[in-house]
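Here is a short report on one protein model.

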Amino acid sequence: MLTAHTIKILQSLDKKKFRQKYNLFLVEGNKTIRELLHSNIKIKEIFSIHPESLHKINAPIHRIDAHQLKKISFLQHPKDSVAVCEIPQQQLRDCRFNIVLDGIQDPGNFGTIIRLADWFGIEQIVCSEDTADLYNPKVIQATMGSFARVNIVYQNLTHFLQNTQNLNLGTDMQGQNIYTAHYPENINLIMGNEGNGIRPATEQLLHQTLSIPRFGRHQSTDSLNVSIATSIILGQIFSKR
């Protein structure tokens with residue numbers, strides 16, 4: 001039942017401290033909610049204007065109206081349902097290919113990179129402890145369900161990169177051309193902060209640096225959006241596998 005107290009709790013989940021307090025986050029839209037069925041994410045309950053469309057989901061489903069949906073949705077134009085989910089405990093895995101995020105702050109960029117990992121079959125993203133929160137509603141929405149298929153963990157990057165068996169690859173304007181570079185089998189692909197790039201402490205642990213060449217006549221663009229750069233580099237690496 002959607003009581004005033006429940007509404008207050010759900011509305012508070014746009015802030016990390018309350019997500020941590022209640023160990024809950026929201027997933028919006030029937031399509032994305034269905035993506036959770038084959039994941040380790042437990043749905044606590046669902047509030048829906050069309051509960052009959054979610055009959056295969058093993059969780060309490062409460063019928064609400066559009067006005068109530070708008071109260072608990074973080075979207076400007078709310079969809080059909082909101083699922084209240086428990087935050088799972090994610091453990092670091094031994095993977096042959098990791099995307100490593102060094103201080104990514106923009107939720108849209110983070111969500112897009114998660115979707116890219118899912119597209120290329122990369123099973124794990126390792127995040128610095130100051131990377132944006134995975135369960136931020138904007139991150140969840142940007143992944144379009146891919147967060148349920150990618151293991152995402154937060155680590156001390158210095159410790160992780162010092163102890164990994166993979167080779168650490170990062171981006172640098174003076175690095176090797178991605179189209180002529182040779183890539184190892186086991187990779188940590190490190191992508192840096194939107195404004196500052198890879199921090200110096202992380203740079204010291206790189207085994208190889210990569211650059212995306214510019215082909216424009218003016219050569220005046222000094223950087224690419226981090227999610228766009230990630231997609232270009234992943235496309236090139238996997239084209240050689």
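Predicted model: local features only at pLDDT ≥ 70, side-chain atom pairs only at ≥ 80, totals over all residues.

The text below goes from the sheet to the loop and then to the pocket.

Four strands form an open sheet in the order β1-β4-β2-β3, and the pairing is mixed. Strands β1 (24–28) and β3 (61–63) stand at the edges; each has a single partner strand, so one side of each lacks a neighbour in the sheet. On average, neighbouring strands are turned by 20° against each other, direction ignored. Strand β2 (residues 43–48) runs parallel to β3, and three bridges join the two. Across this pairing, Phe47 stands opposite His62 in β3.

Asn40 sits in the loop between α3 (30–35) and β2. Which residues does Asn40 contact, leaving aside its neighbours within four places in sequence? They are Pro88 and Gln90. With Gln90, the side chain of Asn40 makes a polar contact of 3.2 Å. Phe110 is 70 residues from Asn40 along the chain, and their C-alpha atoms are separated by 21 Å.

**The second largest pocket.** This pocket holds about 340 Å³ of space. Its lining counts 18 residues; Ile87, Pro88, Asp133, Tyr135 and Tyr154 lie nearest the centre. Two or more lining residues come from each of α2 (16–22) and β7 (151–155). Strand β7 gives the largest share, four residues. The table sorts the lining by class.

| Class | Lining residues |
|---|---|
| Nonpolar | seven residues |
| Polar | seven residues |

Pro88 links the two topics: Asn40 is in contact with Pro88, and Pro88 is among the residues nearest the pocket centre.

Key. Residues numbered from 1 in each chain as written. Heavy atoms only, no water. Pairing = 2+ DSSP bridges. Axes fitted to C-alpha atoms, helices over the stretch in contact; angles between N-to-C directions. Contact = heavy atoms within 4.5 Å. Polar contact = N/O pair within 3.5 Å; in protein donor to acceptor, adjacent residues only side chain to side chain. 1 Å grid on protein atoms, 1.4 Å probe; cavity = no way out; pocket = protein on both sides within 12 Å on 5 of 7 lines; lining within 4 Å. Points joined across faces, edges and corners; volume = space filled by probe spheres on them. Nonpolar A, V, L, I, M, F, W, Y, C, P; charged D, E, K, R; others polar.
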